[in-house]
Structures are given as C-alpha cells and as structure tokens.
Amino acid sequence: MTKAWAISAITLTILAACGGGGSADVNKTAPTAASVASSDTAASSAPASNLPTTAELKIYNWSDYVDPETVKDFEKSQGIKVVYDVYDSNETLEAKVLTGQSGYDVVTPSNTYIGRQIKSGAYQKLDKSLLPNLSQIDPKLMVFLKEVDPTGEYSIPYFWGMNTMGINVDKVNQALGGTPLPENQWDLLFKPEYTNKLKSCGISILDSVSDVFPLALNYLGKDPHSQTKEDLQAAADLIKKVRPDIRRFSSSGYIDDLARGDLCLTLGYGGDLNIAARRAEEAKNKVNIEVLVPKTGFGVWMDAFLIPRDASNVLNAHKYINDTLAPQVAAKNGNYVTYAPASKAAKELMEKEYTENRSIFPNDEDLEKGFMYLPMEADALKTATRMWQDIKKGV
Ligand code: N2P
C-alpha cells in the first residue's frame, strides 16, 4: 500500500465514523433543540479581540455554496456589510490568492490546493479564541486537513462531498435504447460504446483536471493519486477517446443545463448535481435526475475556510467562519447546497431527504469504495494541466 492510499483509506474510514455512514448511533450525539439553541447563543456573544473593528467583509467562495439567507442574517445580526463573490474552480481562486493581493477576507479552497497555498504564504494564522464554534467540528474530521495544514493553524473545514455523475434517467434510458445501465456506472462516461449513444442528449464534465484525472485513473484500476507521467498520460488517453462525445466542460453552468433537460450525463460536484435534481423537481418539468453513487468508486474532497494574508477585515472573517459553524446555520446551508457540513450537530438538523441521500452522506460501504483527493505535486499538476488543455482543444 502506498502512502497516499493509506491516507485515503484511513481518512475515509474516519469520515464514515464522523456520521457519513448510516450506521452511526445518532441518538448518542443528536443535539436537543435546547442544546443547539444554547450553543448558538454562546457563540454569538463575541469574544474580545484586539483586531480592528470594521464594517465590511469580503467573501470569495464557490458558486452555489451558501444559502443567501444565512449571509443576510449574518449582516443583520452583526451590522456588517458582506460583499460576496464566487468562483467555480480552485485554479481561479489560486490565481488570486497567490498574488498576495486577493482583495478578500475569507476564501474556501479544497484540501488539494490548501497546502501549497499555505506554504507560499498566501494565508494568515487564525485566532482560534475567536472561533468558539470550533467545538462543533468533530476533531476527527480535521484529519482531512492534517496533510495540508499540519498544525491546523490556518484552515477550518466547511463542507465535504463527492465527485460523481448525475443522469437524466429518461433521456439516458432512451439513448441507450433500453440497454440497462452498465454494472460499472463509470462506463457511461469513459467507454465510447456508451458515450457514442449519450452524446445525442448531452455529456458534460467538470472543467478541472485535478478533479477529473484521479477519477480516470481509478477507472483504469490505477492508484487515483498516481502522478507519474505514464499514468497521467493514460488518464489523458482515456478521456481523449470519449472527447468527441463531450459537449461541455463546465464546473457550475451544468447545474441549470441538467435541470432543464439539456444534458443527460454530467460529471459534477455531488451537491451541485443534487441542486440540479431539486431545481428540476421545483420546475415540475418532468426532468428526472438521479445522482449516482458508483460502486466502483468516486472521489471525496473537503473545502475549508482560510483568511488571505491581505485581508482587511480579519475580525469579521472570524465572526463569519464562526457563524457558519453554528449548527443551525450549518444545517440551513447544508439543506440549501446539499453537501455534508463540517459542523457535526448540523446533520441532525438537516432535512431527512438530504441526510438519507447517499450522494450527500455516503454510508460506510460507499466510502470504502471511494478515494480521497490528495494534492498533486506542482510538476505533475503542470504536466496534467497541459494534457487537459490539449484534451479540451481536441488535439
Ligand atoms: C460548490 C462546489 C464545491 C465543490 N458549487 C468543490 N470542491
């Protein structure tokens, strides 16, 4: 077992123990309404700090990654004006934070990018005395970040989730002409025999090499964390074979396309695919979307809050991070974005339809098949990115 695999396996086991799995004894940990209310109240009595008081907060977060009402509530209760901008790829965020002049107070990179950004000096240390709601996070979940923020001084987990496929059930069935879904559901995306048929109703994949290559490697039966040139080339070759059938490279726009029925197979972020399913349901447009939990595996990641070095509203950044960890706020956001919040008590407060959805809270058995995304070395990432550009260009 390579080191990377070992980390992956241990972490996913821990994740299952943290409540991803359906077998967790929820009665032991379920908060009462009273205990939740009191922890929220305790959290809102702001701890003293020497940081300057300002009236603004600039957040740069993933798109579709917060319930806007929680931001409004925060503005109202704290008297802080929030500027909220969004991105849909780690690369976009990284280009900003590495300049050292991001212009933001809070950002949320994925575990795969955090380490190199911390090392490059992009972030400042947190003042944990300003984050009383840290107690809401299951400490075991911090293992996810340990590899990339070993001292735990910079990052606070926000949500974790999976990369998987969402399908328009009727259109896929129609395009496959009654042939059942393949035993290995990833064949839908990686086997020309299927993509040739599905291209008529629209295939879209994430526009992110670091999200897609490990899935391709996993499909090939290789270590999803492999960074050798040969393995990266093998991943690229696999995708090149189906490239002519891919209509769209998209990391956020696919949500509405899928919900409208303009795509039938989408490789996306699990929560975003579930948002698409909900939007279709709400629109009553007869688009029936299923988010798959492939038995042959899927990738798991975690996103975390960090405060850029150049932040000018550091106190407010702490206040916001702390607020999102309050179980009720985390649950409200969790219901809206359909991802698993890091705040552990939040799960019990979320809608059952989401906590029982295995593409949002995979069970132990599912997680056993999944792999955790791990950072790529700079050189390997550069090589893979070049390959990705060629894939997109169709060369
Ligand atoms: C939110 C996507 C977050 C997942 N739209 C990326 N890690």
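**Tour: the disulfide and the ligand site**

Select C201 and C264: a disulfide (a pair of cysteine sulfur atoms within 2.5 Å) joins them, with S to S at 2.1 Å. By this rule the count comes to one disulfide. The torsion about the S-S bond of C201 and C264 is about 65 degrees, so the disulfide is right-handed. Now colour by secondary structure (DSSP runs numbered from the N terminus: helices are H or I of at least four residues, strands E of at least two). C201 is in the loop between α10 (192-198) and β6 (203-205), and C264 is in the loop between α13 (254-260) and β8 (265-269), so the pair ties together parts 63 residues apart in sequence.

This is a predicted model, in which local features need pLDDT of at least 70 and side-chain atom pairs count only at pLDDT 80 or more, while totals for chains, interfaces and linings use all residues. Residues are numbered from 1 along each chain as its sequence is written, and side-chain values use heavy atoms, with hydrogens and water left out.

W62, S63, D64, Y65, S110, Y269, D272, W301, D303 and Y339 surround the ligand.

Then show the polar contacts (pairs of N or O atoms within 3.5 Å). From a nitrogen atom of the ligand, look for these:
- a backbone N or O atom of S63, at 2.6 Å;
- a side-chain N or O atom of D272, at 2.8 Å;
- a side-chain N or O atom of S110, at 3.5 Å.

Taken alone, the ligand exposes 260 Å², of which the protein buries 98% (Shrake-Rupley method, 1.4 Å probe).

Notes:
A residue is near a molecule or strand if one of its heavy atoms lies within 4 Å of it. A polar contact is a pair of N or O atoms within 3.5 Å; within protein, one must be able to donate a hydrogen and the other to accept it, and residues adjacent in sequence count only if both atoms are side-chain atoms.
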